[in-house]
Amino acid sequence: MAAMPKPTLKGAQVSVLLGSQWGDEGKGKLADILSLEMDVCARCAGGNNAGHTIVVNMGPEKVKTTFDFHLLPSGLVNPRCAGFIGSGVVVHVPSFFAELDALEKKGLNCDGRLFISDRAHLVFDFHQVVDGLKEVELGGSSIGTTKKGIGPAYSSKASRSGLRVHHLYDYELFATKFRKLVEGRFKRYGHFEYDTEGEIARYRAFAERLRPHIVDGVTFIHTALANNRKVLVEGANALMLDLDFGTYPFVTSSSTSVGGVCTGLGIPPQAIGEVYGVAKAYTTRVGAGPFPTELLDDTGKHLQEVGAEWGVTTGRRRRCGWLDLVVLRYSCLINGYTALNLTKLDVLDQLAEVKVAVGYIVNGKELTSFPADLEILANVQVKYETLPGWQSDISKVTSFDKLPVNCQRYVEYIEKFLNVHIKWIGVGPGRDSMIVR
């Protein structure tokens, strides 16, 4: 066995890319751009409930090709970049292979550069069944999950009854633990239709196909750092869906903050250098939960239609509203972004005026922090700043100084309010539709 690498004490070779709102900010495009300079692109949390779309020109004929990523790191679009699924991720193996096959069918060769930590937990089909049953059980309080089994898999992990990737390679032990896990779900939810023995047999076959991808995750990532490899961590979901700091209980089941990077990959904080936040130029969220700036009028419908606001993973339409700087300020505090990427600015092109939320008022007093209590959040009066629109097409603009003056002022207002530099501005879906400042 190769010697363990020395501990990473300094170096800051890890760059982190995180969603700063409720997800769907367009992290994939920046991940695609940044991964061109990276050696490893890693996922640290979540599962195939993520959804990143990347549009790139493939082959000598430069055919525009759209890739949808859910579980796999989107940095794989760079043929020189390795993809790594860390210990904090929960892995649905059938979806792993389905996604890999779909990418390779479109011409993306991932041979020898896609790896999974042997400590990552497994998501099984019965977790997905349970996910649906839990939502039914909640009734009117439904959280609005993707029904991908992510929450139930993390529940198995937290209750210390989960199965990890390495368990696949002790077949008898795996089978015994699997039967016990399924029986526990039958006791909790009643006997639902499920072929336990067929699933055990299926995973025995999966184990062999999966074997070339499996590594000791801690050794893998620290060996990369010891060899001065550049690592990009691609966050799933976003800060407002964080299990601790999001709008609980309308959140995901993992840590989506910068802290989740350390626990999900097994790296120390001092290994992290740049932390990039991605924020849409307006606000969207999927599923239930309070949404102070939500627009249920024609403007909301405009944002939804022009912004093509429906999910890559689920197809669900997203709720839309004005940019909420109260949310973003809270997000900046927790994640300490060193720079921001403002995406989909072009979606606002046709509006005569644009609003941004700058405060929440309750009983005539402005709140000094983002409230933990959702009853308070659901009843805040939003304090807005209204800015003039630019009403011109910016989708072909390639530099900040060529943007309409009112558009520049909108960006600068956000930047000044948050005290964080907006380094990238997205003005369209393509890889080249990104202004760099």
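Two strands pair if DSSP finds at least two bridges between them. By that rule β16 and strand β17 (residues 365–366) pair, joined by 2 bridges and running antiparallel. This is a predicted model.

Stay with β17 for a moment. Lys365 in β17 stands opposite Val362.

Strand β16 spans residues 353–362 and has other partners. Strand β14 (residues 323–324) runs parallel to β16, and 2 bridges join them. There, Asp324 stands opposite Ala357 in β16. Strand β18 (residues 381–388) pairs with β16 in the antiparallel sense, over 8 bridges. Ile361 has Gln381 of β18 as its bridge partner.

Strand β3 covers residues 52–58 and strand β4 covers residues 63–69. They pair in the antiparallel sense over 7 bridges. Thr53 is bridged to Asp68 in β4. The hairpin leaves 4 residues between the strands. In its turn, Gly59 has a positive phi of about 75 degrees.

Now the open sheet. Strands of a sheet pair through backbone hydrogen bonds, either parallel or antiparallel. Here 10 strands are involved, and the pairing is mixed. Their order is β9-β7-β5-β2-β10-β1-β11-β15-β19-β20. Which strands stand at the edges? They are β9 (214–215) and β20 (434–436). Each has a single partner strand, so one side of each is left without a neighbour in the sheet. For β9, follow the order to strand β7 (residues 114–117). β7 and β9 run parallel, joined by 2 bridges. Ser117 finds its bridge partner in Val215 of β9.

Most residues other than glycine have a negative phi, and most peptide bonds are trans. Asp24 has a positive phi, near 65 degrees. Asp24 lies in the loop between β1 (14–19) and α1 (27–35). A cis peptide bond joins Tyr248 and Pro249, with omega about 10 degrees. Pro249 sits in the loop between β10 (231–234) and α8 (258–265).

Turn to the helices. Two packed helices are described by the angle between their axes and the distance between the axes. Start with helix α6, residues 196–210. Its axis comes within 11 Å of the axis of helix α2 (residues 93–105), and the two cross at roughly 45 degrees. Angles under 35 degrees count as roughly parallel and 65 to 115 as roughly perpendicular. α2 and α6 are therefore oblique to each other. Their crossing is left-handed. From α2, the contact uses Val93, Pro94, Phe96, Phe97 and Asp101. From α6 come Arg202, Tyr203, Phe206, Arg209 and Leu210. By class, this contact of α2 with α6 holds 7 nonpolar, no polar and 3 charged residues.

Helix α5 (residues 171–189) also packs on α6. The angle is about 145 degrees, and the axes are 10 Å apart. α5 passes α6 in a right-handed crossing. On the α5 side, Tyr171, Phe174, Ala175, Phe178, Arg179 and Val182 take part. They meet Thr196, Glu197, Glu199, Ile200, Ala201, Tyr203 and Arg204 in α6. The contact of α5 with α6 divides into 8 nonpolar, 1 polar and 4 charged residues. Tyr203 belongs to the α6 contact with α2 and to the α6 contact with α5.

How many salt bridges does the structure hold? The count is 17. One involves Arg202 of α6. Asp125 forms a salt bridge with Arg202, and the closest N and O atoms are 2.8 Å apart. Asp125 lies in helix α3 (residues 125–138) and Arg202 in helix α6, so the pair ties together parts that are 77 residues apart in sequence. Arg202 also takes part in the contact of α6 with α2.

One more helix pair remains. Helix α10 (residues 325–335) and helix α12 (residues 405–418) pack at about 45 degrees, with axes 10 Å apart. That angle makes α10 oblique to α12. α10 passes α12 in a right-handed crossing. Leu325, Leu328, Arg329 and Cys332 of α10 touch Tyr413, Ile414, Phe417 and Leu418 of α12. By class, the contact of α10 with α12 has 7 nonpolar, no polar and 1 charged residue.

Terms used. Residues are numbered from 1 along each chain as its sequence is written. This is a predicted model: local features need pLDDT of at least 70, side-chain atom pairs count only at pLDDT 80 or more; totals for chains, interfaces and linings use all residues. Side-chain values use heavy atoms; hydrogens and water are left out. Axes are lines fitted to C-alpha atoms, for helices over the stretch in contact, and angles run from 0 to 180 degrees between N-to-C directions. Angles under 35 degrees count as roughly parallel, over 145 as roughly antiparallel, 65 to 115 as roughly perpendicular and the rest as oblique. A crossing is left-handed if the near helix is turned anticlockwise from the far one by less than a right angle, and right-handed if clockwise. Contact means heavy atoms within 4.5 Å. Ala, Val, Leu, Ile, Met, Phe, Trp, Tyr, Cys and Pro count as nonpolar, Asp, Glu, Lys and Arg as charged, and the others, Gly among them, as polar. A salt bridge is a side-chain nitrogen of Lys or Arg within 4 Å of a carboxyl oxygen of Asp or Glu.
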